[in-house]
Amino acid sequence: MKKNDFVVRFAGEGGQGLLTSATGFATAHTQVGYHTQTFATFPSQIVGGPTWMQARVSTIPLLTRGDELDVLVAFNEEAYRTHKDEVKEGGVIIYNSEEFEFKSGGESLGIPFSRLAKSTGNARAANFVVMGALAQLVNIPQSIFEEFNRKRFTRGRPGDNEIIESNNKALSLGREEAIKSG
């Protein structure tokens, strides 16, 4: 993938952490000077219905959200089936292997999002598992996401440090899964 410009779509059902993952991914890049553009769709009026959010990240100013996906993050099988054909040749699909499995003829990476998050002591860290895998795939330093995590969760409350540490561990676990996949 080109490091200077890439498009990632996060798709699944509302409540699966995809909006948190997508927003965090874009915000972390913006905080260090990348140009980002996001687009979200909520086609269902039912809470928990099909949802997706796309983030385009670039080193140059952006005028569009991008046409083809470099990466699809599928939180469930329906999201995979709906969006898989929009991944460009040479693109990658990251999917929640706890939700479904598929036989891939191309590049794919199954990650147990929730299981890895729970192993950090923070079951809500699945979005950081996803961001860690993405950081590895698009060759972005993990430190960008660690800094975003620190800024986002330093609120002066008891437990902030534990949240930050578990999220950083989740970033590392996601990165390790991407490295293991080759």
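1. Helix 4 crosses helix 6 in a right-handed sense, that is, the near helix is turned clockwise from the far one by less than a right angle. Helices here are DSSP runs (H or I, at least four residues) and strands are E runs of at least two, numbered from the N terminus. The model is predicted, with pLDDT of at least 70 needed for local features. Residues are numbered from 1 along each chain.

2. The axes, lines fitted to C-alpha atoms over the stretch in contact, come within 6 Å and cross at roughly 45 degrees.

3. Where do the two helices touch? Contact (heavy atoms within 4.5 Å) involves, among others, F128, M131 and L137 of helix 4, and N167, L171 and I179 of helix 6.

4. Helix 6 has 22 residues and spans 32 Å from first to last C-alpha, close to the 32 Å expected (1.5 Å times one less than the number of residues). Its buried residues (under 20% relative accessible area, 1.4 Å probe, protein chains only) include D160, I164, L173 and A178. Their cover includes strand 6, helix 3, helix 4 and helix 5.

5. F102 lies in the loop between strand 5 and strand 6. The residue F102 is buried, at 16% relative accessible area. Apart from neighbours within four places in sequence, F102 is in contact with Y80, I93, Y95 and S108.

Technical notes. Predicted model: local features only at pLDDT ≥ 70, side-chain atom pairs only at ≥ 80, totals over all residues. Heavy atoms only, no water. Axes fitted to C-alpha atoms, helices over the stretch in contact; angles between N-to-C directions. Buried < 20%, exposed > 50% of the residue type's maximum accessible area, 1.4 Å probe, protein only.
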